[in-house]
Amino acid sequence: HLMSEDGLGDFSFSVFPTRLPQDDVVVKVRAPRARDGIAYVKVNGGGEASLTFAAGSMVPQEVAVTYNTDAIALSITAVDLTLEVLVDKSESGGTEDARFLDADQSLPPVEIRLLPSLTNAAGAMSVTIQEGPGGTEILEGGFSSSYDVHLRPCTSPFKDVVKVTMVESVADQILLSKTELVGADFDNECKATITVDAVDDG
C-alpha cells in the first residue's frame with residue numbers, strides 16, 4: 001500500500017477467523033512507531049486496534065489505516081512500514097478459545113510504503129516506483145502494462161534538477177514509453193506513468 005504524509009492513500013482491510021470461534025478470539029493490529037515513539041499511521045483512529053470475535057461469529061471486521069498527522073516528518077526518504085497483525089494471547093482480556101492459543105496462527109503482515117509530503121521541508125527526497133497489484137506483466141500482441149513513478153518533494157529546486165533514467169532489462173524485447181523523466185514530466189501530484197510494451201517480433 002502506498003501512502004503519503006499528505007494523507008493520500010488511506011485504505012482499509014478486513015480481518016476474520018477462518019474457523020468458527022468457540023470462545024472469544026482477540027486480534028491486535030499494531031502500527032509501527034517513529035523514533036520519537038509516535039506511530040506513523042493510525043489503525044481505527046489509534047496506534048493499536050483490538051478486534052474481538054465472539055463465540056460463533058466469523059463476521060469480518062474492518063481496520064481503517066490513515067496517516068497520523070502527529071507523526072514526525074520524514075527527513076531522509078520514503079519509509080517501509082509493517083502493520084503487525086497477531087492473535088492476542090495475553091491472560092487478561094485476550095483470546096479465550098484454546099484452539100487459537102495452542103496453534104501457531106499465520107496472519108500475514110500489512111506492508112506500507114510511506115512517501116514524504118509534496119511540500120516536505122524536513123529534507124526527505126525520494127523517487128518511488130509503484131507497480132499494479134499483479135506487478136508489471138506484458139505479452140506480445142498488445143498486452144501492455146504500466147507503473148507509476150512518484151517524486152518527492154514536488155518543489156523547486158529538487159523538481160528543477162531531478163532526472164530519472166530507466167533502462168529496459170532486455171533492450172530488444174521491451175519498449176518503455178519514456179526512458180528518462182525530468183521535473184516537467186510529473187503532474188500536479190508529482191506522479192508520472194510509464195507504459196511498458198513487449199516488442200512484437202513474431
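Colleague: Is cysteine 154 buried or exposed in this predicted model?

Modeller: A residue is called buried under 20% relative accessible area, exposed over 50%, and partly exposed in between, with a 1.4 Å probe and protein chains only. Because its relative accessible area is 18%, cysteine 154 falls in the class buried.

Colleague: Which cysteine forms a disulfide with cysteine 154?

Modeller: A disulfide is assigned to a pair of cysteine sulfur atoms within 2.5 Å, and by this rule the count comes to 1 disulfide. The sulfur atoms of the pair are 2.0 Å apart, and the partner of cysteine 154 is cysteine 190.

Colleague: How many residues apart are the two cysteines, and where do they lie?

Modeller: Helices (H or I, at least four residues) and strands (E, at least two) are DSSP runs, numbered from the N terminus. Cysteine 154 sits in the loop between strand 10 and helix 2 (158-161), and cysteine 190 in the loop between strand 13 (180-182) and strand 14 (191-198). The pair thus links distant parts of the chain, with a separation of 36 residues.

Colleague: What is the handedness of the link of cysteine 154 and cysteine 190?

Modeller: The angle about the S-S bond is 85°. With that value, the link of cysteine 154 and cysteine 190 is right-handed.

Colleague: Why does cysteine 190 count as buried, and what is its phi?

Modeller: Cysteine 190 counts as buried because its relative accessibility is 0%. Most residues other than glycine have a negative phi, and most peptide bonds are trans. Cysteine 190 is not a glycine, yet its phi is positive, at about 55°.

Colleague: Which residues does serine 4 touch?

Modeller: Serine 4 belongs to strand 1 (residues 2-4), and it is buried because its relative accessible area is 2%. Contact means heavy atoms within 4.5 Å. Not counting residues up to four places away in sequence, serine 4 touches Tyr67, Leu114, Leu115, Pro116 and Arg152.

Colleague: What surrounds leucine 114?

Modeller: Leucine 114 is placed in strand 8 (residues 110-115). At a relative accessible area of 0%, leucine 114 is buried. Beyond residues up to four places away in sequence, leucine 114 touches Met3, Ser4, Glu5, Tyr40, Tyr67, Leu74, Ala78, Val79 and Leu81.

Colleague: Is leucine 139 buried or exposed?

Modeller: Leucine 139 is found in the loop between strand 9 (126-131) and strand 10 (145-152). Its C-alpha atom is 43 Å from that of glycine 47, the two being 92 residues apart in sequence. As its relative accessibility is 55%, leucine 139 counts as exposed.

Colleague: What radius of gyration does the protein chain have, and why is the chain called more spread out than a compact globule?

Modeller: The protein chain contains 2 helices and 14 strands. The radius of gyration is taken over C-alpha atoms, and the globule rule is 2.2 Å times the number of residues to the power 0.38. For 202 residues the rule gives 17 Å, and the chain is more spread out than a compact globule because its radius of gyration is well over that, at 21 Å.

Colleague: What share of the residues of the protein chain count as buried?

Modeller: The C-alpha trace spans about 60 × 50 × 20 Å along its principal axes. Of the 202 residues, the share that count as buried is 37%.

How values were computed:
Residues are numbered from 1 along each chain as its sequence is written. This is a predicted model: local features need pLDDT of at least 70, side-chain atom pairs count only at pLDDT 80 or more; totals for chains, interfaces and linings use all residues. Side-chain values use heavy atoms; hydrogens and water are left out.
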